[in-house]
Amino acid sequence: YDDRGSQYWLILLIVVIIFFTCSILFESLRQPLVIISLIPISFIGTFLTFYFSRVNFGTGGFASLVLLSGLVVNAAIYVINGFVNRNLGRLNRINPVRLYVKAYNHKIIAVLLTIISTVLGLVPFLIDGPKAEEFWFSFAIGTIGGLLFSIIALVFFMPILISFSSYLKKAT
């Protein structure tokens with residue numbers, strides 16, 4: 001019996017749990033899709049980091065994907081929750097893009113501080129290199145690469161996806 005590869009179903013389970021939790025939180029099916037769509041975008045950063053650094057992915061890389069899923073979702077929920085709270089009862093009177101920009105500006109500093117502190121907290125695992133502790137090195141390098149790429153996802157892709165989600169809401 002070969003068990004390799006079966007742990008990747010856990011990523012799918014994480015995505016399903018995140019979807020249902022966010023659906024309940026936001027009372028919507030569109031906004032959780034925005035949050036979930038940021039996960040694969042941030043994974044691109046992890047995979048690019050492993051590709052360019054030529055570090056073995058291993059279990060540390062998988063653990064970095066799990067941690068990255070939680071951190072990216074947390075950041076997106078933080079911003080979108082601010083948007084939803086500002087949007088309550090005012091959707092028809094104020095431009096939703098303007099409300100999103102206000103919520104984004106209000107929350108992005110805390111999100112960036114979380115990302116930066118996590119990256120800096122993982123730097124000591126990089127000092128000894130991949131030969132000392134392969135798990136922790138690949139975990140740190142995968143998480144750092146994914147988190148830095150998640151900034152791109154949060155800054156550029158999330159506003160596009162939110163505006164598209166708002167457009168879909170008006171169209172239906």
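This note comments on a predicted model, point by point.

1. On the basis of the model: residues are numbered from 1 along each chain as its sequence is written. Local features need pLDDT of at least 70 and side-chain atom pairs count only at pLDDT 80 or more, while totals for chains, interfaces and linings use all residues, and side-chain values use heavy atoms, with hydrogens and water left out.

2. On the fold: the protein chain has six helices and zero strands, where helices (H or I, at least four residues) and strands (E, at least two) are DSSP runs numbered from the N terminus. Of its 172 residues, 41% count as buried, that is, under 20% relative accessible area, as against exposed at over 50% and partly exposed in between (1.4 Å probe, protein chains only).

3. On helix α1: Leu-12 has its place in this helix, which covers residues 9-26, and, with a relative accessibility of 44%, Leu-12 counts as partly exposed. Together with Trp-9, Val-16 and Phe-20, Leu-12 makes a nonpolar surface patch of about 450 Å²; patches are made of residues with over 30% relative accessible area and no salt bridge, like charges being joined within 9 Å and nonpolar side chains (Val, Leu, Ile, Met, Phe, Trp, Tyr) within 5 Å. An α-helix has 3.6 residues a turn, so residues three or four places apart point the same way.

4. On helix α2: the 24 residues of this helix (residues 30-53) should span 34 Å at 1.5 Å a residue, and the end C-alpha atoms are 36 Å apart, which agrees; the expected span is 1.5 Å times one less than the number of residues. Arg-54 follows α2 and has a positive phi, near 55°.

5. On aromatic pairs: the structure holds nine of them, counted where rings of Phe, Tyr and Trp (its six-membered ring) have centres within 6.5 Å, with planes under 30 degrees apart called stacked, over 60 edge-to-face and the rest tilted. Tyr-51 and Phe-52 form an edge-to-face pair, at 5.1 Å centre to centre and 70° between the planes, and both residues are exposed. Phe-135 and Trp-136 also form an edge-to-face pair, at 4.9 Å and 85°; Phe-135 is partly exposed at 31% relative accessible area, and Trp-136 is partly exposed at 36%. Ring pairs also link Phe-43, Phe-47, Phe-50 and Phe-57 into a cluster.

6. On a charge over a ring: Lys-107 lies over the face of Tyr-78, at 4.6 Å from the ring centre, the criterion being NZ of Lys or CZ of Arg within 6 Å of the ring centre and within 35 degrees of the ring normal.

Technical notes: Areas by Shrake-Rupley, 256 points an atom, 1.4 Å probe, with all protein chains shown as cover. Salt bridge = Lys/Arg side-chain N within 4 Å of Asp/Glu carboxyl O.
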